Amino acid sequence: MVKVTETALSRLKRKLKRQPEGVAVRITVQNGHVQFRPDTEQKGDVVFAQSGQSLLLVSLETAERIAHRTLDVVKTIKGNRLRFVRTA
């Protein structure tokens with residue numbers, strides 16, 4: 001199953017401050033590319049929350065495709081970004 005670090009959840013929470021209540025970030029995989037977009041919770045979603053607020057939504061199908069990875073904040077040349085890292 002996909003994992004999410006507390007650092008990544010905190011970053012998502014900051015990003016969602018500009019969104020209406022009830023909106024979280026959905027992870028999708030299309031043509032081999034991971035995408036993040038605002039969305040609302042759907043039946044069957046895997047939901048990652050912090051302090052009672054849903055922050056990240058992943059369908060079961062997507063969760064299987066990104067299994068054994070951890071979403072974290074990684075320092076890049078463009079600044080800190082959300083990225084998946086492989087876990088053992």
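**Exercise 1.** In this predicted model, find the bridge partner of Ala24 in E3, then describe the surroundings of that partner.

*Solution.* Start from strand E2, residues 24-30. It pairs with strand E3, residues 33-39, in the antiparallel sense, over seven bridges. Within this pairing, Ala24 has Asp39 as its bridge partner. Next, take the side chain of Asp39: a polar contact of 2.5 Å links it to the side chain of Arg26. Finally, list the contacts of Asp39, leaving aside neighbours within four places in sequence: Gly22, Val23, Ala24, Arg26 and Leu57.

**Exercise 2.** Examine the hairpin of E2 and E3 and state which residue takes a positive phi.

*Solution.* Two residues lie between the strands of this hairpin. Asn31 takes the positive phi, near 55 degrees.

**Exercise 3.** Identify the residues with the most contacts inside the largest nonpolar core, and trace the contacts of Val4.

*Solution.* The core has 18 residues, and those with the most contacts inside it are Val4, Leu12, Phe48, Leu56, Val58 and Leu71. Helix H1 (6-15), E2, strand E4 (46-50) and E5 each supply at least two residues of this core. Not counting residues up to four places away in sequence, Val4 touches Leu9, Phe48, Leu56 and Leu71.

Key
Residues are numbered from 1 along each chain as its sequence is written. This is a predicted model: local features need pLDDT of at least 70, side-chain atom pairs count only at pLDDT 80 or more; totals for chains, interfaces and linings use all residues. Side-chain values use heavy atoms; hydrogens and water are left out. Buried means under 20% relative accessible area, exposed over 50%, partly exposed in between (1.4 Å probe, protein chains only). Helices (H or I, at least four residues) and strands (E, at least two) are DSSP runs, numbered from the N terminus. Two strands pair if DSSP finds at least two bridges between them. A polar contact is a pair of N or O atoms within 3.5 Å; within protein, one must be able to donate a hydrogen and the other to accept it, and residues adjacent in sequence count only if both atoms are side-chain atoms. Contact means heavy atoms within 4.5 Å. A nonpolar core is a set of buried Ala, Val, Leu, Ile, Met, Phe, Trp, Tyr and Cys residues joined through side-chain atoms within 4.5 Å.
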